[in-house]
Amino acid sequence: MLPLRLKELRKQRHISQRDLADKLQVAQQTIGGWETGRTEPNNELLSKVADFFGVTVDYLLGRTDDRHEEVLAAAHLNKDLKDMTPEQRQAVYDFIEFQKRRIDREEDGE
């Protein structure tokens, strides 16, 4: 799945293998190898690719079709919430509301 997703993301950004290689500080042949499936990036480079494209490593590897961490974080949070006390859950909900208000204020230019 990595070869397909990597090539798709690169094409959506309209960047060449050379450009991506320069951004990641690897050889163009390295990117070509990843896109054909001949080679795979190590964990550090896989993380850099995910960060560059703003997607999760799980998305790159085909473990999910959700590109963004928020969806995965919500899934993990739901699992974690089940193991919390009611007080702990309320603290998490309060924090989420606090962050939503903070982000709304930033978007409104306050």
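Buried means under 20% relative accessible area, exposed means over 50%, and partly exposed lies in between, with a 1.4 Å probe and protein chains only. This is a predicted model, in which local features need pLDDT of at least 70, side-chain atom pairs count only at pLDDT 80 or more, and totals for chains, interfaces and linings use all residues. Residues are numbered from 1 along each chain as its sequence is written, and side-chain values use heavy atoms, without hydrogens and water.

**Exercise 1. Classify R5 and G37 as buried, partly exposed or exposed.**

Step 1. Locate R5: it sits in helix α1, residues 2-12. A helix here is a DSSP run of H or I with at least four residues, a strand is a run of E with at least two, and both are numbered from the N terminus.

Step 2. Read the area of R5. The relative accessible area is 9%, so R5 is buried.

Step 3. List what R5 touches. Leaving out residues up to four places away in sequence, R5 is in contact with Y59, L60, G62, T64 and D65. Contact means heavy atoms within 4.5 Å.

Step 4. Turn to G37. This residue lies in the loop between α3 (28-36) and α4. Its relative accessible area is 44%, so G37 is partly exposed.

Step 5. P3 is 34 residues away along the chain, yet the two C-alpha atoms are separated by 5.7 Å.

**Exercise 2. Describe how α1 meets α4.**

Step 1. Take the axes. Those of α1 and α4 (residues 43-53) come within 11 Å and cross at roughly 35°. Axes are lines fitted to C-alpha atoms, for helices over the stretch in contact, and angles run from 0 to 180 degrees between N-to-C directions.

Step 2. Name the residues. L2, L6, L9 and R10 of α1 meet L46, V49 and F53 of α4.

Step 3. Sort them by class. The contact has 6 nonpolar, no polar and 1 charged residues. Ala, Val, Leu, Ile, Met, Phe, Trp, Tyr, Cys and Pro count as nonpolar, Asp, Glu, Lys and Arg as charged, and the others, Gly among them, as polar.

**Exercise 3. Check the span of α7.**

Step 1. Count. Helix α7 (residues 86-107) has 22 residues.

Step 2. Compare. From first C-alpha to last, α7 reaches 32 Å, close to the 32 Å expected at 1.5 Å a residue. The expected span is 1.5 Å times one less than the number of residues.

Step 3. Look past the end. G109 follows α7 and has a positive phi, near 80°.

**Exercise 4. Summarise the whole chain.**

Step 1. Tally the elements. The protein chain has 7 helices and 0 strands.

Step 2. Of its 110 residues, 25% count as buried.
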